[in-house]
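Please read these notes with the structure open beside you. Take the points in order and find each residue as it comes up.

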Amino acid sequence: MNRMFSLAAGFAAALSLMAGPAVTAHAADYNGPKIKFRVAHTTPPGNHITLAFEKFKELVEQKSGGKIKVQVFPNAILGSDRVLMEGAQKGSLEMAVSSTPNMANFSPLYQVFDLPYITSPKNQEKLYKAIDSGKLGEYFTKVANDIGLEPIMYAEYGYRNFVTINRPVSKVEDLAGLKMRTTDSAVEVEVAKILKMNPTPVAWGETYTALQQGTVDGEGNTFPHMYGAKHHEVLKYAVTTAHNYGMQVMMANKVWWDKLPPEAQKVIREAAAEALAYQRTTLYPKNEAEAREGFIKAGIKIVDLTDEQLDAFRKATRPVWDKFQDKFPPELVEMVLETQK
């Protein structure tokens, strides 16, 4: 599936991140106070998400002339997505990162992206624009603010594929009976049930062991995320279902953010926009290709589904939409669907 999105369009979309025109800041332009803050996430070393946050740190410090320092804690060092975001929510951590499915722990509205096939890679640029600077982004800013958070960066995560340790999968029926690792997202759990799997919510940091010990038979995730966490060491089969899309949302504690001087907020926003553009157009495509190649070298058999086979997965998972139809405001679902037209 072609995920090499347009460089020009991706860069333009990301520079408009979170409102207002982007103006490149230089070290000499920042006259604000010295600030130090922490960002914690769960992504493993070498992953495009990890590299994006490292770029963010570099840009913040560069743009502020070293007056704003960023301390990054990767690879679930400080805990799971939920633990980290709870820290940001309470103020014990200035910024935290969580995947959109795991944001369901804080607001069920983030699960709209978990609806199977609600978005498609071919319309990714439209989705970027809507979440970065459109009504969809405004909607989720209010959602975040209402739970004590301020969205800073909607980092790319990618499209999830199903992978297994003991059974090849090429059609819907092949998934039946598998114990499938999921997040806490009720939508993701329901997808597994609809496909006749046994959903087993497991924290990301515990998933490798769960696969290794046979506690679960597989998972649904992106190739880069699994490869960076060395899941290829225990996996044997993969199928390119691309059944839902996820983002890694970097959130700040709302009270802390509102107390920052405007010039510091500006530096952070611009650094986030530039890091995001770099991730989407350079880091993500490269990491996706490397992870896929790593899977193949590790002996994992990848089944690339045809459009006809994908349609079978779309039809099989459509009842999930019916079950959650009343769980999401109609205008939210419509805003996401608008990005696919």
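1. Contact here means heavy atoms within 4.5 Å. Keep in mind too that this is a predicted model.

2. Start with Met95. It lies in strand 3, residues 95-99. Is Met95 buried or exposed? Met95 counts as buried, because its relative accessibility is 0%. Leaving out residues up to four places away in sequence, Met95 touches Phe37, Arg38, Val39, Ala40, Ala88, Ile152, Met250, Met251, Ala252, Trp256, Trp257 and Ile268. For a sense of distance, look at Phe162. Met95 and Phe162 are 67 residues apart along the chain, and their C-alpha atoms are separated by 30 Å.

3. Now the nonpolar cores. In soluble globular proteins, nonpolar side chains tend to be buried together. The largest nonpolar core in this model has 57 residues. Which of its members touch the most others? They are Val112, Phe113, Leu115, Leu136, Phe140 and Leu175. Several elements give two or more residues to this core, including helix 3 (81-90), strand 4 (149-159), strand 10 (245-253) and helix 12. Helix 4, helix 5, helix 6 and helix 11 are also among them. A second, separate core has 31 residues, and Met95 is one of them. Ile35, Ile49 and Phe53 are also included in that second core.

4. Not counting residues up to four places away in sequence, Phe140 touches Leu109, Tyr110, Val112, Phe113, Ile131, Pro151, Tyr154 and Leu332. Phe140 also takes part in two helix contacts, one with helix 12 and one with helix 4. Those come next.

5. Helix 5 (residues 135-146) packs against helix 12 (residues 330-338). The angle is about 140 degrees, and the axes are 10 Å apart. That angle makes helix 5 oblique to helix 12. The crossing is left-handed. Which residues make the contact? Helix 5 gives Lys135, Leu136, Tyr139 and Phe140, while helix 12 gives Glu331, Leu332, Met335 and Val336. By class, that is 6 nonpolar, no polar and 2 charged residues.

6. Helix 5 also packs against helix 4 (residues 124-133). Here the angle is about 45 degrees, with the axes 4 Å apart. Helix 4 is therefore oblique to helix 5. Helix 4 passes helix 5 in a right-handed crossing. Leu127, Ala130 and Ile131 of helix 4 meet Lys135, Leu136, Gly137 and Phe140 of helix 5. The classes are 5 nonpolar, 1 polar and 1 charged.

7. Val187, Glu188, Val189, Glu190, Val191 and Ala192 are buried in helix 6. What covers these buried residues? The cover includes strand 6 (179-182), strand 7 (198-201), strand 8 (218-221) and helix 11.

8. Helix 6 and helix 11 pack at about 140 degrees, with axes 9 Å apart. The two helices are therefore oblique to each other. Their crossing is right-handed. Helix 6 brings Ala186, Val187, Glu190, Val191 and Ile194. Helix 11 brings Ala316, Thr317, Pro319, Val320, Lys323 and Phe324. By class, this contact has 8 nonpolar, 1 polar and 2 charged residues.

9. Next, backbone angles. Most residues other than glycine have a negative phi, and most peptide bonds are trans. Lys196, which follows helix 6, has a positive phi near 65 degrees. Ala76 is not a glycine, yet its phi is positive, about 60 degrees. Ala76 lies in the loop between strand 2 (68-73) and helix 3. Ala76 is partly exposed, at 26% relative accessible area. Lys230 is not a glycine either, and its phi is positive at about 65 degrees. Look for Lys230 in the loop between helix 8 (223-228) and strand 9 (237-239). Lys230 counts as partly exposed, at 46% relative accessibility.

10. Finish with Asp174. It is in the loop between strand 5 (161-164) and strand 6. Is Asp174 buried or exposed? Asp174 is buried, with a relative accessible area of 15%; the cut-off for buried is under 20%. Beyond residues up to four places away in sequence, Asp174 touches Arg167, Pro168 and Val169. Asp174 and Lys196 are 22 residues apart in sequence and 9.6 Å apart in space, C-alpha to C-alpha.

Note on methods: Residues numbered from 1 in each chain as written. Predicted model: local features only at pLDDT ≥ 70, side-chain atom pairs only at ≥ 80, totals over all residues. Heavy atoms only, no water. Axes fitted to C-alpha atoms, helices over the stretch in contact; angles between N-to-C directions. Parallel < 35°, antiparallel > 145°, perpendicular 65-115°, else oblique. Left-handed = near helix turned anticlockwise from the far one by under 90°. Nonpolar A, V, L, I, M, F, W, Y, C, P; charged D, E, K, R; others polar. Core = buried A, V, L, I, M, F, W, Y, C linked by side-chain atoms within 4.5 Å. Buried < 20%, exposed > 50% of the residue type's maximum accessible area, 1.4 Å probe, protein only.
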